[in-house]
Amino acid sequence: MNQAELEAFLISIRRHLHQYPELSKEEFETTKSITSWLQEKKIEIRPTTLKTGVFADIKGDKPGPTIAVRADIDALPIEEKTDLSFASKVKGVMHACGHDFHTAAAIGASYLLKDNQEKLKGNVRLLFQPAEEIGGGAEKVINDGQLNGVDAVIGLHNKPDLPVGTIGLKQGPLMAAVDRFRVFIRGKGAHAALPHNSQDPIAATAQLITSLQTIVSRNVSPLQSAVISVTRIEGGSTWNVIPGDVTIEGTVRTFDVNVRSEVKQRFYTVTDHITAAFSQKAEIQWFVGPPPLFNHSVITEITRTAAERLSLEVVDPEPSTAGEDFAYYLQKIPGSFAFFGTSGNEDWHHPSFTVDEKAILKAAYYLYESTIELLEQYSTITEKQKSFPVCNLK
């Protein structure tokens with residue numbers, strides 16, 4: 001198909017996925033659709049033990065490395081609030097992070113690579129990864145053996161605040177490490193008119209939330225970055241009773257291994273001491289998420305060459321405190337992750353989130369050209385460069 005036909009096809013794919021979004025670990029119909037689209041092009045599907053996700057190979061006629069192209073396929077538990085003619089038909093579920101865009105672009109790259117299979121100096125591994133939004137999909141893909149034999153990996157994420165035709169490429173840290181916390185503050189309830197008979201967990205929680213912010217302002221260097229956000233508070237059931245306990249949840253975002261460790265240590269210390277001062281106890285649950293996403297310098301420069309060949313405007317993006325489990329791949333092999341301009345109206349995870357579909361074909365060609373360039377140049381990368389410490393966060 002020509003470029004106009006390919007673009008129309010990819011837009012139809014994106015719209016289909018947008019209408020029928022599926023949550024992490026539930027991408028069953030999405031998996032069937034992707035498999036069908038790849039099989040239409042006679043692309044070889046790889047076996048997997050995972051219930052969702054699609055993995056495939058395009059084997060070149062010439063020997064060379066194996067380059068992986070990754071796209072995530074899951075949606076979010078968000079009720080869509082757009083006026084799109086192809087808005088989500090699944091109540092309470094929406095592609096509010098643009099994974100439908102990523103999937104369509106990767107299928108476009110797959111078609112272009114398949115059309116040029118005889119020219120490939122190596123092989124291509126396609127990773128249509130499930131469960132990115134809950135932070136565990138990439139690890140499952142790795143444990144399933146889908147990264148075996150892969151020499152480098154590339155991917156992209158739509159960026160609403162960048163215009164179509166612009167791409168953000170950056171060596172080193174691009175996205176943050178993600179940790180999640182849940183804290184149970186155990187106090188003693190009483191009648192609201194008799195607060196002296198209580199050990200008020202609401203008062204303790206209010207003081208704790210305020211104090212947690214000083215971890216960043218007074219323990220993290222102004223030259224470093226960290227975020228602590230309390231995003232949920234649950235306590236009490238009526239207006240005239242002091243509850244016996246309160247639960248808070250939230251997240252910590254960091255870019256540096258030492259900062260990550262220090263913030264966690266201070267979090268435990270501050271929480272224990274504040275609650276003890278109110279004669280209460282705290283139970284802390286800490287959930288370790290993806291490490292920071294750390295782009296390999298040489299791979300990123302090679303993808304920059306491909307982007308410039310396509311006349312994309314390459315910019316140096318500001319690192320994002322959002323997280324991405326693509327980072328797990330970069331702990332195993334070198335790779336690069338790009339921010340791709342989509343001229344969006346709202347940022348990720350917003351119920352009115354949209355992308356400009358003019359960016360889909362451009363993204364497909366970027367993934368295609370970057371893969372070709374990596375297959376061409378991978379042999380020139382020295383062993384020392386390949387062993388570049390992509391990330392030391394665990």
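Phe 267 is buried, with a relative accessible area of 0%. The model is predicted. Trp 286, at 14% relative accessibility, also counts as buried, because the cut-off for buried is under 20%.

Aromatic pairs
- The structure holds ten aromatic pairs.
- Phe 267 and Trp 286 form an edge-to-face pair, because their ring centres are 5.2 Å apart and their planes stand at 70 degrees.
- This pair links distant parts of the chain, with Phe 267 in helix H6 (residues 257-277) and Trp 286 in strand E13, 19 residues apart.
- Phe 326 and Tyr 329 are also edge-to-face, since their ring centres lie 5.7 Å apart and their planes are at 80 degrees.
- Helix H8 (residues 326-332) contains both Phe 326 and Tyr 329, three residues apart, or about one turn of the helix.
- One aromatic cluster is made up of Phe 181, Phe 267, Tyr 268 and Trp 286.

Nonpolar cores
- The largest nonpolar core has 84 residues, and Tyr 329 is among those with the most contacts inside it, as are Leu 10 and Phe 340.
- Helix H9 (residues 358-377) gives this core its largest share, eleven residues.
- Beyond four places away in sequence, the residues that Tyr 329 touches include Arg 70, Leu 127 and Val 153.

Largest pocket
- The largest pocket holds about 860 Å³ of space.
- Its lining has 33 residues, and among the closest to the centre are Glu 133, Val 178 and Arg 253.
- Strands E8 (177-186), E12 (245-254) and E13 (281-288) each give two or more residues to the lining.
- The lining divides into 14 nonpolar, ten polar and nine charged residues.

Notes: Residues numbered from 1 in each chain as written. Predicted model: local features only at pLDDT ≥ 70, side-chain atom pairs only at ≥ 80, totals over all residues. Heavy atoms only, no water. Core = buried A, V, L, I, M, F, W, Y, C linked by side-chain atoms within 4.5 Å. Buried < 20%, exposed > 50% of the residue type's maximum accessible area, 1.4 Å probe, protein only. Helix = DSSP H or I, 4+ residues; strand = E, 2+ residues; numbered from the N terminus. Contact = heavy atoms within 4.5 Å. 1 Å grid on protein atoms, 1.4 Å probe; cavity = no way out; pocket = protein on both sides within 12 Å on 5 of 7 lines; lining within 4 Å. Points joined across faces, edges and corners; volume = space filled by probe spheres on them. Nonpolar A, V, L, I, M, F, W, Y, C, P; charged D, E, K, R; others polar. Phe/Tyr/Trp six-rings, centres within 6.5 Å; stacked < 30°, edge-to-face > 60°.
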